[in-house]
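The points are grouped by topic and may be read alongside the structure.

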Amino acid sequence: MSDNGVMNPAQPSGAPSDAFGMLHLEHSSTVDRVADELRRAVFEGELESGTPLREVALAESLGVSRPTLREALALLVAEGLATREPNRGVSVARPDPQSVRDVSRARTVLETAGLRHWPVAGEEARDAVRRALADYERAVAEDASYQDLNKRHLAIHLSLVGLTGSPRLVSMAESIVAELRLALAQIDRVRRNARDQAGSHHHLLDLLEAGEIETAVDDLAEHLSGAEEAIIERLDLG
């Protein structure tokens with residue numbers, strides 16, 4: 001109630017003025033921000049596979065305490081972006097051919113399952129594929145950065161899994177894509193074939209729209225197999 005007897009609209013009847021005084025929004029913690037910066041450096045190739053993540057040097061570079069940095073490194077280890085070895089500390093994870101091939105197999109299973117659901121998928125899920133492709137083509141036309149192209153390219157593949165209508169399968173695909181981003185971050189960052197990629201993905205969508213599902217499945221399997229071999233070759237993992 002104000003001094004003139006009029007109820008203050010900002011203070012509901014029966015609610016003390018400090019009823020919500022303890023409510024607040026937490027900004028991201030320093031640990032989260034450090035982890036985000038390290039992820040960015042890994043995915044953008046500034047920190048190559050096998051690079052030791054020295055606590056003292058990194059803490060000084062980022063202007064944080066060693067305990068804060070240690071917590072951020074623990075997050076990266078938990079995500080598989082870094083590895084911790086006894087007496088050797090933490091380093092950027094190094095992709096191996098077995099894991100790259102296993103990721104490729106898992107992607108093929110999940111994404112082809114999505115393609116086969118195209119005829120029965122909801123229009124919202126189909127539109128998600130169309131939007132993801134349009135976003136990628138727009139990024140190519142605008143000469144976007146390699147990192148942006150990579151992100152939008154992988155979003156197309158996630159949208160294919162979304163056609164299954166299964167949040168669990170999409171969650172699995174997101175985890176797999178995170179592993180793939182680590183491998184992709186280590187290869188040549190020259191946008192050597194972005195327009196070709198856009199064309200091949202548009203062709204895939206055309207096949208789906210035309211109802212040629214099995215042809216689309218074969219086309220995708222060939223695309224993923226080619227990507228697998230390119231990663232193996234460029235990382236010299238064979």
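Contact here means heavy atoms within 4.5 Å. On that basis, among contacts in the protein chain with a separation of 6 or more, 70% join residues 24 or more positions apart. The model is a predicted one.

**Overall architecture**

- The secondary structure of the protein chain consists of nine helices and two strands.
- Along the sequence these elements follow the order α-α-α-β-β-α-α-α-α-α-α.
- The protein chain has 238 residues, and buried residues make up 38% of them.

**Packing of α4 against α9**

- Two packed helices are described by the angle between their axes and the distance between the axes.
- Helix α4 spans residues 97–116 and helix α9 spans residues 213–234; their axes lie 10 Å apart, at an angle of about 165°.
- Angles over 145 degrees count as roughly antiparallel, and α4 and α9 are therefore roughly antiparallel to each other.
- The crossing of α4 and α9 is right-handed.
- On the α4 side, the contact is formed by Pro97, Val100, Arg101, Ser104, Arg107, Thr108, Glu111, Thr112, Leu115 and Arg116.
- On the α9 side, the contact is formed by Ile213, Glu214, Ala216, Val217, Leu220, Leu224, Glu228, Glu229, Ile231 and Ile232.
- Sorted by class, the contact of α4 with α9 comprises 10 nonpolar, three polar and seven charged residues.

**Packing of α4 against α7**

- The axes of α4 and α7 come within 10 Å of each other and cross at roughly 150°.
- That angle makes α4 roughly antiparallel to α7.
- The crossing of α4 and α7 is left-handed, whereas that of α4 and α9 is right-handed.
- Helix α4 contributes Val103, Ala106, Arg107 and Leu110 to this contact, and helix α7 contributes Leu169, Met172, Ala173, Ile176, Glu179 and Leu180.
- The contact of α4 with α7 contains eight nonpolar residues, no polar residues and two charged residues.

**Buried positions**

- Ala59 is located in helix α2 and is buried, with a relative accessible area of 6%.
- Not counting residues up to four places away in sequence, Ala59 touches Val64, Ser65, Arg66 and Leu69.
- The C-alpha atoms of Ala59 and Leu69 are separated by 6.1 Å, and the two residues are 10 residues apart along the chain.
- Asn150 belongs to helix α6 and counts as buried because its relative accessibility is 10%, the cut-off for burial being under 20%.
- Leaving aside neighbours within four places in sequence, Asn150 is in contact with Arg181 and Leu184.
- Ser49 lies in the loop between α1 (30–43) and α2 (55–62), and it is buried, with a relative accessible area of 17%.
- A polar atom of the Ser49 side chain lies 3.3 Å from the backbone oxygen of Ala93.

**A partly exposed loop position**

- Ser166 is found in the loop between α6 (146–162) and α7 (167–184).
- Ser166 counts as partly exposed because its relative accessibility is 22%.
- Ser166 and Gly114 are 52 residues apart along the chain, and their C-alpha atoms are separated by 9.6 Å.

- Asn87 lies in the loop between β1 (82–85) and β2 (89–92).
- Although Asn87 is not a glycine, it has a positive phi of about 65°.
- Asn87 counts as exposed at 84% relative accessibility.
- Asp143 occupies the loop between α5 (123–141) and α6.
- Asp143 likewise has a positive phi, of about 55°, although it is not a glycine.
- Asp143 counts as exposed because its relative accessibility is 55%, the cut-off for exposure being over 50%.

Conventions:
Residues are numbered from 1 along each chain as its sequence is written. This is a predicted model: local features need pLDDT of at least 70, side-chain atom pairs count only at pLDDT 80 or more; totals for chains, interfaces and linings use all residues. Side-chain values use heavy atoms; hydrogens and water are left out. Helices (H or I, at least four residues) and strands (E, at least two) are DSSP runs, numbered from the N terminus. Buried means under 20% relative accessible area, exposed over 50%, partly exposed in between (1.4 Å probe, protein chains only). Axes are lines fitted to C-alpha atoms, for helices over the stretch in contact, and angles run from 0 to 180 degrees between N-to-C directions. Angles under 35 degrees count as roughly parallel, over 145 as roughly antiparallel, 65 to 115 as roughly perpendicular and the rest as oblique. A crossing is left-handed if the near helix is turned anticlockwise from the far one by less than a right angle, and right-handed if clockwise. Ala, Val, Leu, Ile, Met, Phe, Trp, Tyr, Cys and Pro count as nonpolar, Asp, Glu, Lys and Arg as charged, and the others, Gly among them, as polar. A polar contact is a pair of N or O atoms within 3.5 Å; within protein, one must be able to donate a hydrogen and the other to accept it, and residues adjacent in sequence count only if both atoms are side-chain atoms.
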